[in-house]
Amino acid sequence: MSVTVRLVANAGQRVYAAVLRHGVDLHQALAGIAAAQQITAASVQLLGGLREAAFAETDVATGVKKPSLVFRRPLEIVGGGGMISLLDQAPHVHLHLTLSFQDAGMPCGIAVVGGHVAYALAHAVEAFIICYDGRPPERRADPDTGLLLWDLLPSDIDAL
């Protein structure tokens, strides 16, 4: 099986541990886990190795999406984090990764890249999914930035 998942904490907060392997797409796998486990809001921590990854970037000044930077080679996740929330009532996964790989052309023999993940294919990745039960944040197009941001409802907490 390419994806395994297990509930590892259940006292007031659900925490799942997952192992993603064999070329599965991280976004699709995490969204599938979220749908199956009824996760509507969570943070995700990831470490491990990838077969391939691409980073996406939007020019913040113009709102124009730039072409993705694609890395088709073994990559090590130095640090990975993300969020699961809702978009159109379905789980939406937002990931950022810092990756390293050997590169003889670099002064130390290693290159480090990172950013917003367009897609990533697992070799062997371990993840914790820390769920926040309650009213989930939903993503909507933000009129000021054009980005899909959380549309947070007014609450009893004063704006900072």
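Predicted model: local features only at pLDDT ≥ 70, side-chain atom pairs only at ≥ 80, totals over all residues.
Helices (H or I, at least four residues) and strands (E, at least two) are DSSP runs, numbered from the N terminus. Residues are numbered from 1 along each chain as its sequence is written, and side-chain values use heavy atoms, with hydrogens and water left out.

Asp25 is buried but has no salt bridge, and Arg72, the nearest side chain of opposite charge, is 12 Å away. Here buried means under 20% relative accessible area, exposed means over 50%, and partly exposed lies in between (1.4 Å probe, protein chains only). Lys and Arg count as positive and Asp and Glu as negative, whereas His and the chain ends are not counted. A salt bridge is a side-chain nitrogen of Lys or Arg within 4 Å of a carboxyl oxygen of Asp or Glu. A polar atom of the Asp25 side chain lies 2.9 Å from the backbone nitrogen of Gln28. When neighbours within four places in sequence are left aside, Asp25 is in contact (heavy atoms within 4.5 Å) with Tyr119, Ala120 and Leu121.

**The salt bridges**

| Arg72 | Glu52 | 3.4 Å |

In the salt bridge of Glu52 with Arg72, Glu52 lies in strand E3 and Arg72 in the loop between strand E4 (65-71) and E5, so the pair ties together parts that are 20 residues apart in sequence. Glu52 counts as buried at 17% relative accessibility, whereas Arg72 is exposed, with a relative accessible area of 63%. Lys66 is partly exposed at 38%, and Glu57 is also partly exposed, with a relative accessible area of 43%. Arg140 is partly exposed at 40%, while Glu138 counts as buried at 17% relative accessibility.

**Strand E5 and its partners**

Two strands pair if DSSP finds at least two bridges between them. Strand E5 (residues 75-87) pairs in the antiparallel sense with strand E3 (residues 42-58) over eight bridges, and within this pairing Ala42 stands opposite Ile84 in E5. E5 also runs antiparallel to strand E6 (residues 90-102), to which eleven bridges join it, with Leu87 standing opposite Ala90 in E6. Two residues separate E5 from E6 in a hairpin, and Asp88 in the turn has a positive phi of about 55°. With E8 the sense is parallel, over two bridges, and there the bridge partner of Leu87 is Arg139.

Gly80 lies in strand E5 and counts as buried at 19% relative accessibility. Apart from neighbours within four places in sequence, Gly80 is in contact with Val44, Gln45, Leu46, His96 and Leu97. Gly80 and Gly115 are 35 residues apart in sequence, and their C-alpha atoms are 9.7 Å apart in space.

**Arg139 in strand E8**

Arg139 is found in strand E8 (residues 138-141). Arg139 is buried yet has no salt bridge, the nearest side chain of opposite charge being that of Glu138, 9.9 Å away. A polar contact of 3.3 Å does join the side chains of Arg139 and His94. Such a contact is a pair of N or O atoms within 3.5 Å; within protein, one must be able to donate a hydrogen and the other to accept it, and residues adjacent in sequence count only if both atoms are side-chain atoms. The side chain of Arg139 also reaches the backbone oxygen of Leu148 at 2.8 Å. Beyond neighbours within four places in sequence, the residues in contact with Arg139 include Met83, His92 and Trp150.

**The nonpolar core**

A nonpolar core is a set of buried Ala, Val, Leu, Ile, Met, Phe, Trp, Tyr and Cys residues joined through side-chain atoms within 4.5 Å. Of the 33 residues in the largest nonpolar core, those that touch the most other members are Leu20, Leu26, Ile39, Leu46, Leu50, Leu97 and Ile129. Strand E2 (15-21), helix H1 (26-36), E3, E5, E6 and strand E7 (110-131) are the elements that give two or more residues to this core, and E7 gives the most, with eight residues. Leaving aside neighbours within four places in sequence, Ile129 is in contact with residues including Tyr16, Leu30, Ile39, Ala42 and Ile84.
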